[in-house]
Amino acid sequence: MDGDADALKSGRHGAGDVCQICADGLGTTVDGEVFTACDVCRFPVCRPCYEHERKEGTQACLQCKTKYKRHRG
């Protein structure tokens with residue numbers, strides 16, 4: 001369990017990561033990389049939850065409160 005917390009803090013996420021909001025998989029970007037909503041803390045949020053937060057929520061990362069940047073695709 002401590003390894004998971006360390007991975008979240010360091011920004012290292014593996015292919016099996018899940019969204020911390022809905023528990024779905026994170027998915028990939030158009031470039032085939034694991035989707036990362038927040039470029040600062042890399043808090044694991046899937047694209048649908050990211051889109052919802054940008055449209056209906058605070059438009060910021062739920063962990064570090066940094067305003068989300070727009071993602072391609």
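**Basis.** I worked from a predicted model, in which local features need pLDDT of at least 70, side-chain atom pairs count only at pLDDT 80 or more, and totals for chains, interfaces and linings use all residues. I number residues from 1 along each chain as its sequence is written, and side-chain values use heavy atoms, with hydrogens and water left out.

**Chain overview.** I looked up the secondary structure and found 2 helices and 0 strands; these are DSSP runs (helices H or I, at least four residues; strands E, at least two), numbered from the N terminus. Of the 73 residues in the chain, 29% are buried; buried means under 20% relative accessible area, exposed over 50%, and partly exposed in between, with a 1.4 Å probe and protein chains only. The chain exposes about 5000 Å², of which carbon and sulfur atoms supply 49%; the areas come from the Shrake-Rupley method with a 1.4 Å probe, and for residues only the protein chains shown count as cover. I then took contacts (heavy atoms within 4.5 Å) between residues at least 6 apart in sequence, and 38% of them join residues at least 24 apart.

**Largest pocket.** I noted a volume of about 210 Å³ for the largest pocket. Its lining has 13 residues, and T29, F35, T36, D39 and H71 are the closest to its centre. The lining divides into 2 nonpolar, 3 polar and 8 charged residues. A pocket here is an open set of points on a 1 Å grid over the protein atoms alone, where a 1.4 Å probe fits, with protein on both sides within 12 Å along at least five of seven lines; lining residues have an atom within 4 Å of a point. Grid points are joined across faces, edges and corners, and the volume is the space filled by probe spheres set on the points.

**Nonpolar core and A37.** I found 13 residues in the largest nonpolar core, and C19, A37, V45, Y50, C61 and Y68 have the most contacts inside it. Such a core is a set of buried Ala, Val, Leu, Ile, Met, Phe, Trp, Tyr and Cys residues joined through side-chain atoms within 4.5 Å. A37 is in the loop between helix 1 and helix 2. Is A37 buried or exposed? A37 counts as buried because its relative accessibility is 2%. Beyond its neighbours within four places in sequence, A37 is in contact with V45, Y50, Y68 and H71. From A37 to E51, 14 residues apart in sequence, the C-alpha distance is 9.3 Å.

**C64.** I located C64 in the segment after helix 2, where this residue is partly exposed at 29% relative accessible area. Residues up to four places away in sequence aside, C64 touches C38, V40 and C41.

Most residues other than glycine have a negative phi. I therefore recorded A23, whose phi is near 70 degrees, and which is exposed at a relative accessible area of 53%. A23 lies in the loop between helix 1 (2–10) and helix 2 (47–56). Q59, also not a glycine, has a positive phi of about 65 degrees. Q59 is found in the segment after helix 2 and is partly exposed, at 33%.

Notes
Ala, Val, Leu, Ile, Met, Phe, Trp, Tyr, Cys and Pro count as nonpolar, Asp, Glu, Lys and Arg as charged, and the others, Gly among them, as polar.
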